[in-house]
Amino acid sequence: MALHFDRAEFEGRIVAARKALAADGLDALLLFAQESLYYLTGFDTSGFVFFQCAVLTRDEGAITLLTRRPDLEQARRTSILSDIRLWYDKEGSDPSRELFEILAEKGLKGARVGIELRTFGLTADKHELVRERLAGWCELVDASHIVRTLRLVKSPAEIAYVRRAAELADQSLEAMLATARPGAFEGDIAAAGSVPILAGGGDPPPSGPVLGSGDRALLIRSATGFRHLDPVDQLILEFAGSYRHYCACLMRTVAIGRGNPIQRAMFEVTREALAAMTEAARPGRPLGEIDDAHRRVYDAAGYGPARMSACGYSLGALYRPTWMDVPPMLYSGNATPAAPGMVLFLHAILIDAAKNLAMSLGHTIVLTSTGAEVLSRLSPEYTVCS
């Protein structure tokens, strides 16, 4: 199986990760985040739901992966990994034993060892096994930021995948809008949106879609129970195009049957807010200024109580259960400086519970040397599907 990046790019990423370890005074890093494994080695699996860990040392030794037998060929055929160790399922199995043996083999007794804690790949029970096994033997330090920080700014090869994901997202939106009409079944709309992504060589997105009509249009998360659209209705669409696991998101709220003057006014201010947010995304400026622009437009128009307290987040190569690649989150006061190569999803959301109306717009941008490039070719519009 071909790697999705040149081997030299993987090697450069590993060198950068080792430099970050040295800068933090760490001798090794326990990689539990599947995103980290994909980024550093190409290893592509959903097996992170079980105990799975790779050991990256500060020296130039090979990365050692500890995984289950079902992922042996997965690791061999999707990655640059060469040192793959296995643990086996049995009554009372404790893979922290095998991990301890690897660390001892690498001479890490008494060392300062980083561990990725902020990841769905390390649940509390797995962490407890590792913590108890290594207590007093080495010093464990939360180093969730090491690879995460490196992943924040994308290479040209990564951005090419993000652009393809954005193309698929546009096609998905067009397919869903063509299917949305009074009486349409939400499940048929969602199914129509998945076809261009999969047929275009993309991946099932790691979350969503968030798709709902009627009362469900006010929900920010996915919820089970698709329904048929009413003759006059509203429909929220928030979803990701995904290509080689890199995500690009879009968000829209459309009217069904006929437009609503109140909702149209909500659209106009939301479009203004999204434009102001996009303008505020400038290299060298704090990411929190994007949310400052979001708040400024909504609050001046009297929509403060209906808006959210954050307005987006970073995107990248993600695995279930989310496409939200945080941190960073876009909230007022976030001092993280924007940098060329960052990929961000900006969303502006209004929820008027009293009137049972929603309005949302969102698009994915890539930061350039001068500002923000919107990756969607579809301009925000107040769409009425009839």
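**Aromatic pairs and their surroundings**

Let me begin with two tyrosines: Tyr161 is buried, and Tyr246 is buried as well, where buried means under 20% relative accessible area, exposed means over 50% and partly exposed lies in between, computed with a 1.4 Å probe on protein chains only. Before I go on, please note that this is a predicted model, in which local features need pLDDT of at least 70 and side-chain atom pairs count only at pLDDT 80 or more, while totals for chains, interfaces and linings use all residues. Residues are numbered from 1 along each chain as its sequence is written, and side-chain values use heavy atoms, with hydrogens and water left out.

A search of the whole structure finds 13 aromatic pairs, a pair being two rings of Phe, Tyr or Trp (its six-membered ring) with centres within 6.5 Å, called stacked if the planes are under 30 degrees apart, edge-to-face if over 60 and tilted for the rest. One of them is the tilted pair of Tyr161 and Tyr246, at 6.1 Å centre to centre with 40° between the planes. Because Tyr161 lies in helix H7 (residues 156-179) and Tyr246 in strand E9 (residues 246-256), this pair ties together parts that are 85 residues apart in sequence; helices (H or I, at least four residues) and strands (E, at least two) are DSSP runs, numbered from the N terminus.

The rings of Phe185 and Phe226 have their centres 6.2 Å apart and their planes at 85°, so this pair is edge-to-face. Here too distant parts of the chain are linked, with Phe185 in the loop between H7 and helix H8 (186-199) and Phe226 in the loop between strand E7 (210-213) and strand E8 (233-243), 41 residues apart. Phe185 is partly exposed, with a relative accessible area of 28%, and Phe226 is partly exposed with 40%.

Which residues do ring pairs link into a cluster? They are Phe5, Phe10, Tyr161, Tyr243 and Tyr246. Arg13 lies over the face of Phe5, at 4.2 Å from the ring centre, the criterion being that NZ of Lys or CZ of Arg is within 6 Å of the ring centre and within 35 degrees of the ring normal. The charged end of Arg68 sits over the ring of Phe50, 3.9 Å from its centre.

**Strands**

Turning to the strands, an open sheet of 6 strands has the order E4-E3-E2-E1-E5-E6, with mixed pairing, where two strands pair if DSSP finds at least two bridges between them. Strand E4 (83-87) and strand E6 (139-142) stand at the edges with a single partner strand each, so one side of each is left without a neighbour in the sheet. Strand E2 (residues 53-57) and strand E3 (residues 64-68) run antiparallel and are joined by 3 bridges, and Ala54 stands opposite Leu65 in E3.

Elsewhere, E7 and E8 also run antiparallel, joined by 4 bridges, with Gly212 opposite Ile236 in E8. Val210 and Gly212 point one way from E7, Leu211 and Ser213 point the other way, and all are buried.

**Helix H10**

Finally, in H10 the residues Gly288, Ile290, Asp291, Ala293, His294, Val297 and Tyr298 are buried. What covers them includes helix H9 (261-280) and strand E11 (343-352), contact meaning heavy atoms within 4.5 Å. H10 is followed by Gly302, whose phi is positive, near 85°.
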